[in-house]
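Please look through the structure below with its sequence at hand.

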Amino acid sequence: MSRYLRPPNTSLFVRNVADDTRSEDLRREFGRYGPIVDVYVPLDFYTRRPRGFAYVQYPFFRWLISEGCWSLKLKFM
């Protein structure tokens, strides 16, 4: 399969995530903008603490463009 026939990426990269933020918190905040397939918060291998970023996956790429999720500015407590 050619790389141009693959569906576009549907993951949204979220940076500056606080250490105490859980995937459920991100799911609740970003769920306001549409259905979410998965939330992934990578952990450091040695410390098992979050690395400061996360990925939120939506089901459709076109939905991200139409809803304007490219410039979200959310504040976490």
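Arg49 counts as partly exposed, at 45% relative accessibility; here buried means under 20% relative accessible area, exposed over 50%, and partly exposed in between (1.4 Å probe, protein chains only). This is a predicted model, in which local features need pLDDT of at least 70 and side-chain atom pairs count only at pLDDT 80 or more, while totals for chains, interfaces and linings use all residues. Residues are numbered from 1 along each chain as its sequence is written, and side-chain values use heavy atoms, with hydrogens and water left out.

Arg49 forms a salt bridge with Asp19, with 2.4 Å between the closest N and O atoms. A salt bridge is a side-chain nitrogen of Lys or Arg within 4 Å of a carboxyl oxygen of Asp or Glu. Arg49 lies in the loop between strand 2 and strand 3 and Asp19 in the loop between strand 1 and helix 1, so the pair ties together parts that are 30 residues apart in sequence. Asp19 is also partly exposed, at 42% relative accessibility. Asp44 is found in the loop between strand 2 and strand 3 and touches Arg49 and Arg51, not counting residues up to four places away in sequence; a contact means heavy atoms within 4.5 Å. The relative accessible area of Asp44 is 28%, which makes this residue partly exposed.

The whole structure has 5 salt bridges. In one of them, Arg32 meets Glu29 at 3.3 Å, N to O. Arg32 is exposed, with a relative accessible area of 56%. Another salt bridge joins Asp25 and Arg22, whose closest N and O atoms are 3.4 Å apart. Asp25 is buried, at a relative accessible area of 14%. Through shared partners, salt bridges join Arg22, Glu24, Asp25 and Arg28 into one network.

The elements of the protein chain run β-α-β-β-α from the N terminus on, giving 2 helices and 3 strands. Helices (H or I, at least four residues) and strands (E, at least two) are DSSP runs, numbered from the N terminus. Helix 1 covers residues 23-30, and Asp25, Leu26, Glu29 and Phe30 are buried in it. Seen down the axis of helix 1, these buried residues fall within an arc of 115°, so they line one face of the helix; the arc is that of the directions from the helix axis to the C-beta atoms. Their cover includes strand 1 (11-15), strand 2 (38-40) and strand 3 (53-57).

The largest nonpolar core has 11 residues, among them Leu12, Leu26, Phe30, Val39 and Val56. Such a core is a set of buried Ala, Val, Leu, Ile, Met, Phe, Trp, Tyr and Cys residues joined through side-chain atoms within 4.5 Å. Strand 1, helix 1 and strand 3 each supply at least two residues of this core. Val56 touches residues including Leu12, Val14, Phe30, Ile36 and Val39, when residues up to four places away in sequence are not counted. Overall, 30% of the 77 residues in the protein chain are buried.

On the surface, Phe13, Tyr40 and Tyr55 form a nonpolar patch with about 320 Å² of accessible area together. Nonpolar patches join side chains of Val, Leu, Ile, Met, Phe, Trp and Tyr within 5 Å, from residues with over 30% relative accessible area and no salt bridge. Phe13 is found in strand 1 and is partly exposed, at 47%.

Definitions and conventions:
Patches are made of residues with over 30% relative accessible area and no salt bridge: like charges are joined within 9 Å, nonpolar side chains (Val, Leu, Ile, Met, Phe, Trp, Tyr) within 5 Å. Accessible areas come from the Shrake-Rupley method with a 1.4 Å probe; for residues, only the protein chains shown count as cover.
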